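Trainee: I am new to this structure and would like to learn how to read it. Could we go through it feature by feature?

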Amino acid sequence: MQIQIFGTNKNFDCKKAQMWFKERRIQFQFIDLKEKEMSRGEFDSVVQSISKTVGSRQDALEQMIDKSSKDYSSIAYLDDSEIEDKLFNNQNLLKQPVVRNGKTLATVGLSPKIWETWS
């Protein structure tokens with residue numbers, strides 16, 4: 001397993017995710033989105049992985065948006081075609097943590113039930 005956790009150090013769900021993997025002695029790499037954002041390839045693989053479970057790319061993007069974010073108003077009324085670029089360019093709008101396992105599996109938000117299946 002190649003686990004990557006994208007988030008911020010101040011986010012409690014990110015801390016819970018890190019603790020969840022530590023308790024199970026699963027190595028992971030934490031990437032602080034305030035220091036280094038996801039590359040376009042990483043972002044696309046997360047969207048692709050989530051779209052497999054929810055049905056479409058637009059549904060995946062909708063699920064990735066943190067609606068409680070203070071910046072949510074900047075994305076709330078955009079056309080579907082503009083949401084992906086806005087979300088990529090302002091990754092503070094992502095629901096955290098974003099957890100990747102390799103290039104094909106990913107979750108947004110706290111998802112320990114899904115992580116348990118990654119063995």
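Trainee: In which element is phenylalanine 28 found?

Mentor: Before that, a word on the source: this is a predicted model, where local features need pLDDT of at least 70 and side-chain atom pairs count only at pLDDT 80 or more, while totals for chains, interfaces and linings use all residues. Residues are numbered from 1 along each chain as its sequence is written, and side-chain values use heavy atoms, with hydrogens and water left out. Helices (H or I, at least four residues) and strands (E, at least two) are DSSP runs, numbered from the N terminus. Phenylalanine 28 is found in strand E2.

Trainee: Is phenylalanine 28 buried, partly exposed or exposed?

Mentor: Buried means under 20% relative accessible area, exposed means over 50%, and partly exposed is in between (1.4 Å probe, protein chains only). Phenylalanine 28 has 23% relative accessibility, so it counts as partly exposed.

Trainee: Which residues does phenylalanine 28 touch, not counting those up to four places away in sequence?

Mentor: Contact means heavy atoms within 4.5 Å. With residues up to four places away in sequence not counted, phenylalanine 28 touches Ile3, Ile5, Gln18, Phe21 and Lys22. For isoleucine 5, which is 23 residues from phenylalanine 28 along the chain, the C-alpha separation is 7.1 Å.

Trainee: Phe21 is on that list. Where is phenylalanine 21 found, and is it buried or exposed?

Mentor: Phenylalanine 21 is in helix H1. Its relative accessibility is 1%, so it counts as buried. Not counting residues up to four places away in sequence, phenylalanine 21 touches Ile3, Ile5, Ile26, Phe28, Val99 and Trp115. Its C-alpha atom is 25 Å from that of valine 54, a residue 33 places away in sequence.

Trainee: How many helices and strands does the protein have?

Mentor: There are five helices and four strands. Read from the N terminus, their order is β-α-β-α-α-α-β-β-α. The radius of gyration is 14 Å, close to the 14 Å that the globule rule gives for 119 residues, so the protein is as compact as a globular protein of that length. That radius is taken over C-alpha atoms, and the rule is 2.2 Å times the number of residues to the power 0.38.

Trainee: What percentage of the residues is buried?

Mentor: Buried residues make up 44% of the 119. As for contacts between residues at least 6 apart in sequence, 54% join residues at least 24 apart. Glycine 102 lies in the loop between E3 and E4 and, at 18% relative accessibility, counts as buried.

Trainee: What span should helix H2 have?

Mentor: The expected span of a helix is 1.5 Å times one less than its number of residues. For the 15 residues of H2 (residues 40–54) that gives 21 Å, and the end C-alpha atoms are 21 Å apart, which agrees.

Trainee: Which elements do the buried residues of H2 pack against?

Mentor: They pack against strand E1 (3–7), helix H3 (57–64), H4, E3 and strand E4 (105–108). The buried residues of H2 include Phe43, Val46, Val47 and Ile50. Serine 51 is also in H2, and it is buried with a relative accessible area of 11%. Leaving aside neighbours within four places in sequence, serine 51 is in contact with Ser56, Arg57 and Ala60. After H2 comes glycine 55, whose phi is positive, near 115 degrees.

Trainee: How should backbone angles be read?

Mentor: Most residues other than glycine have a negative phi, and most peptide bonds are trans. Arginine 25 is not a glycine, yet its phi is positive, about 55 degrees. It sits in the loop between helix H1 (12–23) and strand E2 (28–32) and, at 78% relative accessibility, counts as exposed.

Trainee: Which residues does a cis peptide bond join?

Mentor: Glutamine 96 and proline 97 are joined by one, with omega at about -5 degrees. Proline 97 is in the loop between helix H4 (80–89) and strand E3 (98–101). Gln96 is also among the contacts of threonine 8, neighbours within four places in sequence left aside.
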